[in-house]
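Reader: I have a chain open on my screen and a few questions about it. Can we go through them one by one?
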Amino acid sequence: MYVTVGYLEEGIPYEVFINIEDSDQCERGFLEALGRVLSIALGYGVPVEELINQLNGIRCVPVSDPFRGRMIKSPADGVARVLEDFIS
């Protein structure tokens, strides 16, 4: 899974693009939709911390490979991890 975060000069994230290889059309479409919704939320001023709180810990089976020493529980959880790294 590839997650790209676009940000303003001040370092404030304003858009999220999510792409995944080796998955079915439905999963790719879901992740594209998630990226669009996150981008809209950021554009309307929803704090990135709130978006992270909502996505963090969402589970699906099977658990994905480790990301920077932490297990990813789902693609949504993986996006939360990327956003956490972005703001830290």
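Reader: Asn53 first. Buried or exposed?

Author: This is a predicted model. In it Asn53 has 54% relative accessibility, and the cut-off for exposed is over 50%, so Asn53 counts as exposed.

Reader: Which element is Asn53 in?

Author: Asn53 sits in helix 2.

Reader: Back up a bit. How many helices and strands does the chain have?

Author: There are three helices and four strands. Read from the N terminus, the order is β-β-α-α-β-β-α.

Reader: What does the C-alpha trace span along its principal axes?

Author: About 35 × 30 × 20 Å.

Reader: What share of the residues is buried?

Author: Buried residues are 33% of the 88 in the chain. The accessible surface is about 5,800 Å², and carbon and sulfur atoms account for 55% of that area.

Reader: Now the core. Which residues in the largest nonpolar core touch the most other members?

Author: That core has 18 residues, and the ones with the most contacts to other members are Val16, Ile18, Leu34, Leu38, Leu55, Val79 and Leu83. Strand 2 (13-19), helix 1 (25-43), helix 2 (48-55) and helix 3 (75-87) each give two or more residues to this core.

Reader: Take Leu34. What does Leu34 touch, not counting residues up to four places away in sequence?

Author: With those set aside, Leu34 touches Ile18, Leu55, Ala76 and Val79.

Reader: And Leu83, where is that?

Author: Leu83 is in helix 3. Its relative accessibility is 1%, which is why Leu83 counts as buried.

Reader: Which residues is Leu83 in contact with, leaving aside neighbours within four places?

Author: Val5, Val16, Val48 and Ile52. For one of these, Val48, the C-alpha distance to Leu83 is 7.5 Å, and the two are 35 residues apart along the chain.

Reader: Arg81 is in which element?

Author: Arg81 also belongs to helix 3.

Reader: Is the side of Arg81 that matters here buried or exposed?

Author: As a residue, Arg81 has 9% relative accessibility and the cut-off for buried is under 20%, so Arg81 counts as buried. Between Arg81 and Cys26, 55 residues apart in the chain, the C-alpha separation is 22 Å.

Reader: Moving to Ala41. What are its contacts, not counting residues up to four places away?

Author: Ala41, which lies in helix 1, touches Val46 and Leu51 on that count. Ala41 is buried, with a relative accessible area of 15%.

Reader: How are Ala41 and Tyr14 separated?

Author: The two are 27 residues apart along the chain, and 8.6 Å separates their C-alpha atoms.

Reader: For the contacts with a separation of 6 or more, what part comes from residues 24 or more positions apart?

Author: Those residues account for 36% of such contacts in the chain.

Technical notes:
Residues numbered from 1 in each chain as written. Predicted model: local features only at pLDDT ≥ 70, side-chain atom pairs only at ≥ 80, totals over all residues. Heavy atoms only, no water. Core = buried A, V, L, I, M, F, W, Y, C linked by side-chain atoms within 4.5 Å. Buried < 20%, exposed > 50% of the residue type's maximum accessible area, 1.4 Å probe, protein only. Contact = heavy atoms within 4.5 Å. Areas by Shrake-Rupley, 256 points an atom, 1.4 Å probe, with all protein chains shown as cover.
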